[in-house]
Amino acid sequence: MTADFIPYARPDLDEDDLAAVLAVLRTPMLTQGPAVPAFERGVADRVGARFAVAVSSATAALHLACLAAGLGPGDRLWTSANSFAASANCGLYCGAEVDFVDVARDTLCMDPGALAAKLEAAEREGRLPKVVIPVHFAGHACDMEAIGRLADRYGFAVVEDASHALGSLRDGRPVGACDRSAMCVFSFHAVKLVASAEGGMVTTNDPALAARLARLRTHGITRDPAEMEGPSPGDWYYEQVELGFNYRLTDVQAALGASQLRRLDAFVARRNHLVRRYDFLLAGLPLSWPRRDPRVLSAFHLHVVRLDPGRDRAAVFRAMRAAGIGVNVHYLPIHLHPHYRRLGFRPGLCPEAEAYYEAALTLPLHTRLTEGDQDRVVAALAEALR
Ligand SMILES: *Cc1c(COP(=O)(O)O)cnc(C)c1O
């Protein structure tokens, strides 16, 4: 890695962020102090949800959301093939069966048409899913209206994986408001839109789900007499009423997340500026990108392009890395990972996600990317595609 290597993503911390972290480190409450509920309130208010429950990662958030939705052995979870493995692993953690829905070619998000067809077949076979997890890929807000109508018709719970979409809007409504879902999950991993180093959150409008998530993140322990089996003998007393985990976020992480959240609008604006500039600079090269839907304001966690047919993606990738450009590929469809192949999945299950993967390239996009960096990325790509 040379000094002028341009990474595909990087965190953007300012002096206020550092001060917020240091302030927590000076207090006795490194965890389970006031910073976590403050961060939860900040995210809930920002996305317009009643409740937010902070956890140690989006992976933990997906796991708890599935448990809170009642997912268990004998149940089925469906998610988008074009995602990070965590979108599906949460189903396996619960002992459920996992299956995959293909994406739409123009959005790379779960295709409501493919979902409808798969549900029709599953209903005939008595194999309907209990939970469906659409993924707002790269920041593009999925068609939750269509998915929500199918949820009403077939009775599954919708959990949104919004790890890429904090700050995204669809028809003016923020992702995370849970207008058409039971719960919505965010990630604050260092490369995501807002960083807490590691961290995740579940938003919901359902008080019972929020209480259950909060209990499951801390061993299934409650201090609320109303949740106990019998009367509480005193204030020291707590009970473990179910099997939970230690999935807590620390106050150190929450303070960083809350401080970063204040700059979310600026982050999203900067990313949109750079994407518009990419669209202009890349026009004419033998590649395409997802449709820019006027109903969607994307937070643009990623900038993905698709090389035209006949182009050698591996060669372009190597040339870009050799030129010091941190390109990446998102994603190998989840069902093609060896762990999932061993469960019986084969190529051909999700043709659109598979075809996209073969031609996919993620270009650097982050808030500290300069226009000069961007010019270098485009020049290197034009050279690699000559
Ligand atoms: C990053 C990511 C996750 C996992 O997030 P962590 O906070 O790292 O656990 C899940 N789903 C998607 C789509 C992601 O991009």
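Reader: Where is histidine 301 placed?

Author: This is a predicted model, in which local features need pLDDT of at least 70, side-chain atom pairs count only at pLDDT 80 or more, and totals for chains, interfaces and linings use all residues. Residues are numbered from 1 along each chain as its sequence is written, and side-chain values use heavy atoms, with hydrogens and water left out. Helices (H or I, at least four residues) and strands (E, at least two) are DSSP runs numbered from the N terminus. Histidine 301 lies in the loop between β13 (296-297) and β14 (303-307).

Reader: Is histidine 301 buried or exposed?

Author: Buried means under 20% relative accessible area, exposed over 50%, and partly exposed in between (1.4 Å probe, protein chains only). Because its relative accessible area is 3%, histidine 301 is buried.

Reader: Which residues does histidine 301 touch, not counting residues up to four places away in sequence?

Author: Contact means heavy atoms within 4.5 Å. With that exclusion, histidine 301 touches Ala138, His164, Val191, Lys192, Leu193, Arg271 and Leu365.

Reader: Which residues of helix α6 are buried, and what covers them?

Author: Helix α6 spans residues 144-154, and its buried residues are Met144, Ala146, Ile147, Gly148, Leu150, Ala151 and Tyr154. Their cover includes α5 (112-125) and β5 (157-161).

Reader: How are the axes of α5 and α6 arranged?

Author: Axes are lines fitted to C-alpha atoms, for helices over the stretch in contact, and angles run from 0 to 180 degrees between N-to-C directions. The axes of α5 and α6 come within 10 Å and cross at roughly 10°. Angles under 35 degrees count as roughly parallel, over 145 as roughly antiparallel, 65 to 115 as roughly perpendicular and the rest as oblique. The crossing angle therefore makes α5 roughly parallel to α6.

Reader: What volume does the largest pocket have?

Author: On a 1 Å grid over the protein atoms alone, a pocket is an open set of points with protein on both sides within 12 Å along at least five of seven lines. Grid points are joined across faces, edges and corners, and a volume is the space filled by probe spheres set on the points. For the largest pocket, the volume is about 320 Å³.

Reader: Which of the residues that line the largest pocket are the closest to its centre?

Author: Lining residues have an atom within 4 Å of a point. Of the 23 lining residues, the closest to the centre are Thr59, Phe84, Ser187, His189 and Lys192.

Conventions: 1 Å grid on protein atoms, 1.4 Å probe; cavity = no way out; pocket = protein on both sides within 12 Å on 5 of 7 lines; lining within 4 Å.
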